[in-house]
Amino acid sequence: MANQIKNAFIAAILTAFIVTPVFGLQLVRQGARTLMDPHWSNVLIAMAVVFVGQLLRPWLALPFKRMKGSLPTLPAAPVQGHKWLMVLIVAVAIVWPFFSDRGSVDIATLVLIYVMLGLGLNIVVGFAGLLDLGFVGFYAVGAYTYALLYHWGGWTFWESLPFSGAVAALFGFVLGFPVLRLRGDYLAIVTLGFGEIIRLLLINLNWLTGGPDGISGIPKPTVFGLEMARTSSVEGQKTFHELLGLTFQNQHVIVYLYLMALMLALITLFVATRLKRMPVGRAWEALREDEIACRSLGLNPTRIKLSAFTLGAMFAGFGGAFFAARQGLVNPESFTFIESALILAIVVLGGMGSQIGVILAAILLTVLPELAREFAEYRMLMFGLVMVLMMMWRPQGLLPMKRPHVELDK
């Protein structure tokens with residue numbers, strides 16, 4: 001009991017250091033002066049909650065221990081009957097935006113972008129076991145590739161999309177070489193630096209990227225060469241609505257972007273699933289489990305790492321191009337380290353290697369903040385708390401992938 005009291009007291013002291021800058025001290029503006037308004041009651045309440053929680057931790061942990069193994073796991077290979085369930089889910093996802101409001105469809109489009117990014121990073125982190133903290137760099141490369149091709153060459157979205165994926169894949173291939181001999185924390189530091197280098201280059205190359213202001217006026221994707229707009233930007237050319245004799249509504253553009261994002265997300269899911277079952281997918285798993293054993297089996301870790309970085313970056317490039325088309329504007333502030341952390345959190349929270357888990361985590365981490373906008377200023381605090389609780393309660397993720405194993409009788 002004395003040891004529990006000691007641990008609870010230490011935890012309460014640490015809580016005071018963490019909570020004081022956030023809740024205890026607030027800056028108040030009075031004319032030209034800025035004063036500090038202390039709220040020590042908030043700090044004392046937080047310390048008391050943590051102190052009591054640490055004392056009661058053994059009893060509070062009992063229900064979580066019972067629930068620890070209750071969440072489902074996914075089979076190593078999908079069951080045949082699951083195909084019809086997937087078809088039903090896709091059909092519902094296609095029909096849903098026609099009966100929903102504009103705000104919900106717009107949020108769902110953002111969810112699908114993060115699904116694409118999560119599935120791409122899942123190849124690097126989940127399948128190959130390579131910790132990548134600079135994945136947002138490939139995302140930025142894809143977005144700026146489309147923006148630059150349009151700005152300097154007048155290319156359309158569909159013409160730029162394959163080039164965005166190819167250029168991002170090239171960057172992933174180039175990044176792979178410096179990290180071939182690295183693993184763990186060292187690999188994470190190098191990839192983190194890569195993501196920051198990309199962002200700083202976008203800020204400083206004013207003559208090419210527009211600097212901090214970025215590039216604006218990026219057009220939305222067309223439908224078979226026809227613009228989904230009120231009037232065509234090309235004189236004498238009809239728009240999609242004029243050709244069909246429809247009245248233009250902004251809702252139609254939102255739905256079209258959602259369906260495009262759904263199509264790209266499904267393609268990403270299909271390709272990632274097929275790759276995992278192919279020899280390259282087995283090689284990724286071998287590299288993740290033990291690089292030395294992987295090398296002893298005659299596999300080339302260099303090629304395996306390069307293939308993981310290249311393919312993961314390609315999907316990030318596709319997602320970046322679509323993001324640029326959806327926003328109509330790209331600037332370096334959209335590709336900060338926080339985005340990389342969010343995408344990595346999606347993979348970890350869903351379960352590394354679990355594609356369905358990544359999709360579920362992308363939905364949760366994107367939709368829940370939108371439902372609790374009144375707590376927007378505490379979003380990162382709650383986000384960190386959720387991740388800490390997940391690591392304590394279910395470190396393998398929400399829907400971990402069940403890997404086949406063999407047990408030998410003694």
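Guide: Helices α11 and α14 are roughly antiparallel to each other, a label for angles over 145 degrees, whereas under 35 counts as roughly parallel, 65 to 115 as roughly perpendicular and the rest as oblique. This is a predicted model, in which local features need pLDDT of at least 70 and side-chain atom pairs count only at pLDDT 80 or more, while totals for chains, interfaces and linings use all residues. Residues are numbered from 1 along each chain as its sequence is written, and side-chain values use heavy atoms, with hydrogens and water left out.

Visitor: At what angle do the axes of α11 and α14 cross?

Guide: Axes are lines fitted to C-alpha atoms, for helices over the stretch in contact, and angles run from 0 to 180 degrees between N-to-C directions. Here α11 (residues 250-277) and α14 (residues 301-327) cross at roughly 180°, their axes coming within 11 Å. The contact (heavy atoms within 4.5 Å) involves, among others, L264 and V271 of α11 with F315 and F322 of α14.

Visitor: How do α5 and α15 pack?

Guide: Helix α5 (residues 102-127) and helix α15 (residues 337-350) pack at about 75°, with axes 9 Å apart, which makes α5 roughly perpendicular to α15. Among the residues that meet are Y114 and L117 in α5 and L342 and I346 in α15.

Visitor: Where is confidence lowest, and where highest?

Guide: The predictor's confidence in each residue is pLDDT, from 0 to 100. Its mean is lowest in helix α3 (residues 57-67), at 66, and highest in helix α6 (residues 136-153), at 93, while the protein chain averages 83.

How values were computed: Helix = DSSP H or I, 4+ residues; strand = E, 2+ residues; numbered from the N terminus.
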